[in-house]
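Subject: Structure for you to look at

Hello,

I am handing over the structure we spoke about. Please open it alongside the notes below.

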Amino acid sequence: MKRQFADNELDTSLSRVDGNEKVSGAATYSAEYAVPGLVHAVLVTSNIAKGSITAIESREAETAPGVLAVISHLNAPAVPGWPALKQPAERAPVGTAFRVFYDAFIYFDGQPVAMVVADTQERAIHAAALVRVTYQQETHQTHFERNVKSAGIPQNVQRSKNSPFQDYGRGDADAIAEAEVRIEAEYTIPTQHHQPLEPHAIIAVWEANDKLTVYDKNQGVKSAQGQLAQAFKLPRDNVQVVSKYIGGAFGSGIRVWPHTIAAVMAAKQVKRPVKLVLGRDQMFTSVGYRPYTAQKLRIGASKDGRLHAMVHEGTGQTSMYEEHLERTVLATRAMYTCPNVSTRYRLLPLDVNTPTWMRGPGDATGMFALESAMDELAFALKMDPLEFRLKNYAETDPERNLPWSAKSLRECYKLGAEKFGWENRQIEPASIRRKGMLVGYGMASSLYGFHRHPSKARAVMRADGSVTVQSATMDIGPGTGTAMTRIAAKVLGLNAKKVKFELGHSNLPDAPGQNGSATIPSVGSAVHVACEALKSKLIALAVKMSEAGKSGGQVVVTDGQGVRNGRVFGSGADDEGVSFADILKYHKLNELEATEESKPGPERDQYSMFSFGCHFVEVHVNPLTGEVRVVRVVTCADVGAIINYKTARSQSIGGVVGGIGMALMEHSEMDHRFGRYVTTDFASYHIPVHADIPPIEVYYVDKPDVHVNPMGSKGLGEIAIVGVAGAVANAVFNATGKRIRTLPITPDKLI
Amino acid sequence: MKPFQYLRPKTVSEAVSMALDNPEAQYIAGGTNLIDLMKRGIASPPKLIDINHLPLKKIEHRYDRIRIGALALNSDVAQHKLVKTRQPLLAEALLAGASGQIRNMATVGGNLLQRTRCSYFYDVALPCNKRKPGSGCGAEGGINRTHAIFFNGSEVPSCIAVHPSDMCVALAALDTSVVVAGPAGERRILFKDLHRLSTKEPEMDTTLNPGELITSIEVLDNAFTGHSHYLKVRDRASYAFALVSVAAALQMDGGKIWDARLALGGVAHKPWRYWAIELMLRGQPPSEKLFREVAEHELQSARAGEHNAYKIKLTANAMIAALKIAAGIS
C-alpha cells in the first residue's frame, strides 16, 4: 500500500531522532540538570483527608544535619499572584486551584503540609520524617458509591448554556421503552493513575530577584511559563521553562501542580537552586488521576439490529475545590446512527485531590461503557458485534448534522477484521478451548475529536544547507521531534539528517502543550507552513540567481518548480538545479529564516472532525484460576495521512498497552476509613509488564483528510487507547460468558 | 532514611558476635527487601551488618541432600543443574518470584526472611500490629483482598497478612532444614518451624533467636521429580505477588499416589503446608474428581474477610489445577 507521506515505496520511516541519546543515557531529564549550588526539597504530606493543621513541630527537623529550611503555611514566602489570606480563614471556594502552604486547611490525604530543604536529598528525606504535624480532624467523604446521591450538575455547566456537558437529547427521550430489544447496564471505572516511570520533578532557579528558570517535567512549557509568571507576578519573558525530555506523562503534566510552585517557593526562601522529585507514593496525590466514574447505559434496537435509542448517564468524581469534567458521555452522541439519544453528566465532589486528564480522557471511560453495551446488545440480538456496528455506521455526524471531514472507519473495521481473523469468532461464549484455556474474541470501536490550536514554528537554514526547525512543543513519548523532522525534510526536499528539530523550551516559538492528540495537527502544520515559507524564499533567491546568470555558468532555474535532494529545480527535463548552500553563498547569507503561524479556519464549522479506529483482541482465560491473558491484538486507525510509520506504530502499541492495563489491572484503591490510598507503589498498583503484552499488530488506513490541515493528518495519541478496555472486556465475555462491568477484570471477578 | 552505621564482618562467627553486641543491628545481604523497608521508614536499624562477603554461596550435593548456601542468589539457584534435576519444584518456584533483576540480587537466606507486602505494614501512617504492635490491624476492617484465609485454629489473629515468598512455598512442601549459626554454634530448624503464625506476636516473623544467622538450607532428595508443579495465580503475568500459589509434588507408582506434598502461598501468615490433604491423597489413583473432593472438603476451615472470599474457591481451584499438572492428567 502506498504510504501517503512517503515519496515512494522505499521511503521508509525515520528512527527516533533522539533515540541514541535516550538509550545511552545522554538525554538530560528535568531532575538531572547539573545546576551549581543545588539543594533538595522533600514534601511532608498530610495523613488525614479533611480538617486543619493545628501545629507543626519542626524543631527536630530544623536542627537535623544539612537542613536549610522547613517551610509550611506558617512561614512560606508569599506567592504574589494569590489573594491575601482572609480572616477568619475560609475553605477555598469551588474553582480554586489548590494553593500549597497557603492556609491550615486540609482538603485531601497526601496534601503537602510542609517541605524540608537540605543539602542532600537523603538528609531532606530523613528530616522530612522528623516533622510532626497535628490536626483537627473532620469527617471526610471519599467513598464514591456511598455519596453518589450527592452528585449534581457541575457549577461550570450551570453557568454555561453552551457547555457540551449540558444534558443532551435528540429525538424522543422515552423511546428506549419501545425498543424491540434492549439492555440496561451499569459500568464502573475505578480511579486510575498515570504513573509514568519518570516521577514528576523540578529544578527551580531564581537567576535574579525577578528572573526564574525552571527545569520541570510538564507537557507544555508555554502554559507552565504563563502560569508561573502569573503566580509570581513576573513578566512572562522573565520566566523560562525547560522540559526537553520526558519519561512518560499521559496527561499528568498538563497542569502546573502544587509541587512545582513549592519548589519555586523553596528556592526563593533559601536563595539557592532547589530540586524537588516526587516519591512514587506522592505521585498518587500530587498530579491528578483518571477519576472514578460510574455509568449507566440503556440502549435498544429493532430486531434486525438498527439502534433505536440510547440513554447514557455518567457521574465522575472531583475534589471539593475544583471541578474536573470529562467527555464521558459525549462519544455516545456521535459514534453511531441512532434517532433517539439522551446523555447526562454529573459530578460528585469528594475529599480527594482534583483528577486530571489521562490518555483518552472521558472517551476511554465512556467508550468502555458504550462498547461493552454495544457488545451486550449484539449478543441479545444474536448478531455479530462487528456487523451490528456496521449496521449503525454513522455516515455523517448524527449530533452536529455535519459531514465528516473524512471517515474511513469502515475500512478500519474491514482491515482489522481481516488481519485478525474475526470470521473465526463464535457468537456463543465459552465455545472455544485451547490447551485447557477458554478462548475469547472481542472488538471495539474508537474515536477522538480533532483538535488543532494556533502554533508557530521557525525554520532556519544555515550556510551549509542544513536546517534547524524550532517550536515550543513537547515530546512526552510519541516522537514529536522525529515526526517534525520528517515534515520539514519532506517540505524542503532535504535528507532528514540535515534537519534538526528543537522543542521543550519556552524561548522557542509559541506552541500548545502536548495533549488532546493535537501536536501533529497543530505544530506539524506550523512546521509545514514555516518550511513552505523557507522554501519559497529559497526558490525566489534561486530564480534571482539564475536571472543574473550566476548559477554555475548557465541558467538552470527560471521558474523554480520545486526542491529535491537539497537543491532547487526548475521545470526543464535535464535541469540540474542549484544547491541550497550555493544559493546562500551567492547571496552572501549566513542563514535564511522563516517564522510562520498556522491556525485552524472556518473548516471547523463546515465539517465534523474526528479520528477513528478499532481494536480486535483475543484473550485466554484460565477456567480454574480466572487469570486473563491477552494473547493477540490487532489495532487499526483512521487518522489521515501517517507522518512516520515507525513512531506512529509505537504510539499505537503504547495505547494498547495502556488499555490492557486499564482493563485488567490498574486500580488505585483507597481505604475510606482513612481516605487514603493503599496501593501507593508499583508492587500494589499494577501496570502491565512485558510478560502481559502479546504481539500487537498495527494498521493504518493512511488516507489524507484534506480538510484538517496541510498534511491531512489527525491525532493518534488518544484513539490508541480509547476502546481497548471495552474490546478486552468483550473478549472476556466471549471466552467465559461472564460480563465484567467493573474494571479492572481481575481473577477474583471471574472464578 | 535514618542514618546508619555499616559493619562488614569477615567470618560467620564475627557476624554473629557483631549482632549480639548490637541488638538493634540487622544483617543485610541482597537488600531487595530491607532497603525498601528502610526507605519507607518501616525498618530503621542503627547498624547494618553486611554479610555479602561471607563464604556462603556454595550449592552442593552431599549424601542425601542438596545444601544451598544462604548467600546463593535466587537466579543462580534456579538455574543450577543440581536444583533443576533434583528439586525442579524449587527451581520453578524461584522463577515465579519477583523479576529477573531482583532475583539477581536476592539471596536464599534473605528470601526466607522477607517480610509481608501488606499495604498497611508498608505505610507508617496506617495501623499495623506487625509494624507497631498494639496499633491494630488495618487490613482486618480495610482493604484485605490479598490477605490470609488460614489461621491458627479458631484463635483471633492479630495480623492477617500473608507471607510473600514463592521459594518458601516450595521449601515447605519439600523436606527442608534451615541451618543457622548462633552464639551456641550451629543448629538445624525444620522448615515448618521457621516461620510463625500471627496469634500473639505478629512482629516476630520467625523463630530465630537474637544474633542467629542463616548459613544454608538443606533439601532432602525425593522421588517427586516429573510429578511436581508450582502454580502461581497472580494479577499480572510476572512481577506480582501471589494471590494464591500451590506447590504440589506427588510420588506416583502403578497408577497410584504413594506420597503427596502440598503447600500453599498467599493464604496464611506463613507458607501453609497442607498435611491433611496429603494424607487423603495417599494410596489413591489420581483424578480431577479426587482432587476436587479433597480440596473442597478441606477448605471448610478457611475464613475470609470482606474482600478475599474469592480466595477460598480460588485456593481449591488452584490446588486442583496444580495437582492435575503434577499427576499428568489434562
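What follows is what was found in it, taken by topic.

The model is a predicted one, and the values below are to be read with that in mind.

Domains of chain A

Chain B and its interface with chain A

For chain B, the assignment gives domain 1 (5–49) and domain 2 (228–327). The C-alpha centres of domain 1 of chain B and domain 2 of chain B are separated by 36 Å.

The size of an interface is often given as the accessible area lost when the parts come together. For chain B and chain A that area is about 2700 Å², and carbon and sulfur atoms give 60% of it. I143(B), D235(B) and R236(B) supply 22% of the area that chain B buries against chain A, more than any other three residues. In terms of contacts, 35 residues of chain B meet 31 residues of chain A. The rule finds 3 salt bridges across the interface of chain B and chain A. One salt bridge between the chains pairs D748(A) with R145(B), with the closest N and O atoms 3.0 Å apart.

A surface patch on chain B

Which residues form a nonpolar patch on the surface? They are M1(B), F4(B), Y6(B) and I35(B), and together they have about 340 Å² of accessible area. M1(B) sits in the segment before β1 (5–7) of chain B. Its relative accessibility is 35%, so M1(B) counts as partly exposed.

Backbone points to check in chain A

Most residues other than glycine have a negative phi, and most peptide bonds are trans.

- Q87(A) and P88(A) are joined by a cis peptide bond, with omega about -5 degrees. P88(A) is in the loop between β3 (67–72) and β4 (105–106) of chain A.
- L743(A) and P744(A) are also joined by a cis peptide bond, with omega about -5 degrees. The loop between α18 (724–736) and α19 (747–750) of chain A holds P744(A).
- F250(A), a residue other than glycine, has a positive phi near 60 degrees. F250(A) lies in the loop between β11 (239–242) and α7 (258–270) of chain A, and counts as partly exposed because its relative accessibility is 37%.
- D702(A), a residue other than glycine, has a positive phi near 55 degrees. D702(A) lies in the loop between β31 (696–700) and α18 of chain A, and is buried, with a relative accessible area of 2%.

Regards

How values were computed: Residues are numbered from 1 along each chain as its sequence is written. Chains are lettered from A and ligands numbered from 1 in the order in which they are written. This is a predicted model: local features need pLDDT of at least 70, side-chain atom pairs count only at pLDDT 80 or more; totals for chains, interfaces and linings use all residues. Side-chain values use heavy atoms; hydrogens and water are left out. Patches are made of residues with over 30% relative accessible area and no salt bridge: like charges are joined within 9 Å, nonpolar side chains (Val, Leu, Ile, Met, Phe, Trp, Tyr) within 5 Å. Accessible areas come from the Shrake-Rupley method with a 1.4 Å probe; for residues, only the protein chains shown count as cover. A salt bridge is a side-chain nitrogen of Lys or Arg within 4 Å of a carboxyl oxygen of Asp or Glu. Helices (H or I, at least four residues) and strands (E, at least two) are DSSP runs, numbered from the N terminus. Buried means under 20% relative accessible area, exposed over 50%, partly exposed in between (1.4 Å probe, protein chains only). Contact means heavy atoms within 4.5 Å. Buried area is the accessible area (1.4 Å probe) that two parts lose on being put together, summed over both. Domain bounds come from an automatic or database domain assignment.
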